Amino acid sequence: MNYLSVENISKSYGERILFQNISFGINAGQKIGFVAKNGTGKTSLLNILSGDDTPDEGEVVYRKNLKVSFLSQEPGLSGSLTVEETIFASDNPILKIISDYEKAIESPNDSEAYQAAFDKMDAHNAWDFETRYKQILFKLKLEDLSQKVSNLSGGQKKRLALANALLTQPDLLVMDEPTNHLDLEMIEWLENLFAKENITLFMVTHDRYFLERVCNEIVELDEGNLYSYKGNYSYYLEKRDARIENQASETAKAKQLYKKELEWMRRQPKARTTKSKSRIDDFHEIKSRAHQRRNDHEVQLELNMERLGTKVVELHNISISFDEKQLLNKFDYNFLRGERVGIIGKNGTGKSTLLNIITGNIKPDSGKVVIGDTVKFGYYTQKGIHIKEGQKVIDVVREFGDYIPLKKGRQISAQQLLERFLFDRKKQYDFVEKLSGGERKRLYLCTVLIKNPNFLILDEPTNDLDIVTLNVLENFLLDFPGCLVVVSHDRYFMDKIVDHLFVFQGAGNIEDFPGNYSDYRAYEDSNLVEKRSESSSETKTRNNWKTDSDKAKLSYNEQKEYQKLEKEIVKLESEKEALQNKFATEDWNGEEIDKQSRKLQELIDTIESKTERWFELSAKLES
């Protein structure tokens with residue numbers, strides 16, 4: 001079933017053409033990831049789909065009565081409403097029924113109103129939806145329903161907008177960077193939700209694991225053309241490389257043919273009228289193909305960093321609290337040369353606070369920070385670049401000087417440096433406020449690296465960067481010889497560049513884990529299985545199911561099911577781990593990758609279902 005058709009749309013701003021005459025459709029059940037470089041019109045296209053913008057040419061045709069929800073990067077929420085009022089203001093009628101029921105509970109003396117509200121809940125089967133509604137708010141850490149939207153942080157507003165979009169239960173959900181401002185636990189919950197639910201998605205995201213595990217189609221806007229790949233992200237990468245290689249081969253052939261036809265054209269007398277009209281037309285087409293060039297320039301990163309001494313950064317008994325909430329509690333750590341640390345944990349557990357203490361922006365309540373004499377910090381914060389009114393891109397870099405020192409005594413002009421960060425001469429004289437979100441982040445990265453730091457701190461560096469720039473940044477960081485500390489919810493990014501993790505567990509507790517994020521998740525999963533097994537053994541020791549007291553808790557069949565589930569879950573976990581390992585070792589083609597990805601998702605869903613049932617029986621047994 002076709003939900004919408006995009007027909008020959010074009011969009012430009014002045015002389016800057018984003019895209020021309022592009023067409024595609026979205027059908028029920030598709031989960032489409034939209035991929036393109038920064039500044040090529042991703043957000044503009046999403047705004048056109050949502051109706052917040054119109055194309056210069058062409059049209060978007062929606063199926064009649066289609067319900068669409070749009071999650072933007074900057075959600076437009078009313079600051080005067082509370083969290084609860086914002087949710088109940090959405091256009092899902094079931095939410096109004098739940099709202100009336102909750103108000104009736106608060107007025108127990110009005111039995112008629114309560115009975116009417118109760119009957120409505122029954123009639124519309126709203127009980128299950130109420131459970132889902134509360135689960136979504138809990139998972140997105142929006143428990144304080146009375147809080148005013150105006151008092152929420154940027155991340156909380158994005159999560160509230162996401163909750164609203166999910167609770168509207170749209171036919172089509174269009175999202176711009178849905179994983180920004182979510183912690184890792186929230187991302188994995190959302191990933192599982194989208195992977196197993198029959199929902200139609202069209203989204204822009206830089207999160208490559210999210211694309212891999214959620215999407216069944218990737219659409220790429222490249223050089224003004226749209227390319228569609230029926231498969232997940234791995235399949236897309238394989239087919240995209242093959243496409244580019246094929247295009248290069250076709251261009252080379254066209255160049256050879258162009259030389260031959262050019263000689264023929266030059267041999268023909270100008271006055272001669274018997275030239276083949278079709279051959280002349282073909283010549284112009286061949287010329288166009290032969291002169292095609294891909295704009296595959298990549299960011300070039302280079303540093304002239306000073307060598308770190310033996311003393312880098314030492315943290316001695318660091319403690320700090322905010323609003324009686326303990327974030328760090330007597331934290332000790334000595335950073336070594338070349339160390340690469342990733343920081344993970346739920347939002348609000350103190351990750352950014354630690355970075356600000358290291359860089360001297362915040363003083364701890366107690367403890368001491370010792371900085372080595374040779375340390376030069378580069379701090380990439382979540383706030384991004386400070387935009388001055390009327391400031392042009394070139395002015396931002398010239399604040400650091402007209403010439404910037406590079407390695408081995410070389411130097412580079414401000415203009416040349418910006419070109420290395422993919423800002424051409426024309427773009428350098430654009431106003432900073434006109435840049436896309438990703439272009440601003442790229443410019444900000446330039447200003448951080450221009451200082452030639454040897455201790456680099458990156459707080460959510462992947463937000464809004466396109467995948468091409470992310471790959472370059474990852475390769476640069478792999479070769480970076482200084483100290484590196486990264487806070488990121490991008491699991492692929494963390495897996496690639498960090499050696500160990502600080503895991504913020506809340507209440508000032510920080511675990512130093514020796515491995516990357518995938519290692520940590522495997523460790524946590526194995527712990528869950530182990531705890532499940534220990535709990536089972538303790539239950540068997542404490543309780544004999546044959547006694548009369550326990551018979552009332554678990555029937556004979558339930559006890560058999562409970563024991564069987566334990567064995568099945570352990571076996572399924574092993575199968576899941578073995579299959580995940582094969583993705584890294586097997587040389588599968590795109591079709592096989594797609595097949596095995598579906599098999600992996602089925603395993604994950606089965607494990608979740610059986611684990612939920614195990615917990616139900618376990619709770620019943622121990623009650």
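In the predicted model, helix 6 (residues 154–167) and helix 7 (residues 184–196) pack at an angle of about 15°, and their axes lie 14 Å apart; axes here are lines fitted to C-alpha atoms, for helices over the stretch in contact, and angles run from 0 to 180 degrees between N-to-C directions. Helix 6 is therefore roughly parallel to helix 7, a term applied to angles under 35 degrees, with angles over 145 counted as roughly antiparallel, 65 to 115 as roughly perpendicular and the rest as oblique. The crossing of helix 6 and helix 7 is left-handed, that is, the near helix is turned anticlockwise from the far one by less than a right angle. Helix 6 contributes Arg159, Leu162 and Leu166 to the contact, and helix 7 contributes Met186, Trp189, Leu190, Leu193 and Phe194, where contact means heavy atoms within 4.5 Å. Of the residues in the contact of helix 6 with helix 7, seven are nonpolar, none is polar and one is charged (Ala, Val, Leu, Ile, Met, Phe, Trp, Tyr, Cys and Pro count as nonpolar, Asp, Glu, Lys and Arg as charged, and the others, Gly among them, as polar).

Helices (H or I, at least four residues) and strands (E, at least two) are DSSP runs, numbered from the N terminus. The model is predicted, with local features requiring pLDDT of at least 70 and side-chain atom pairs counting only at pLDDT 80 or more, whereas totals for chains, interfaces and linings use all residues. Residues are numbered from 1 along each chain as its sequence is written, and side-chain values use heavy atoms, with hydrogens and water left out.

An open sheet of three strands has the order 2-1-4 with antiparallel pairing, two strands being taken to pair if DSSP finds at least two bridges between them. Strand 2 (16–27) and strand 4 (57–62) form the edges, each pairing on one side only. On average, neighbouring strands of this sheet are turned by 15° against each other, direction ignored. Strand 1 (residues 2–13) pairs with strand 2 in the antiparallel sense over eight bridges, and Leu4 stands opposite Ile26 in strand 2.

Positive phi values occur at two glutamates. Glu177, in the loop between strand 6 (172–176) and helix 7, has phi near 50° and counts as buried because its relative accessibility is 4% (buried means under 20% relative accessible area, exposed over 50%, partly exposed in between, with a 1.4 Å probe and protein chains only). Glu324, in the loop between strand 10 (313–322) and strand 11 (325–335), has phi near 65° and is exposed, with a relative accessible area of 83%.
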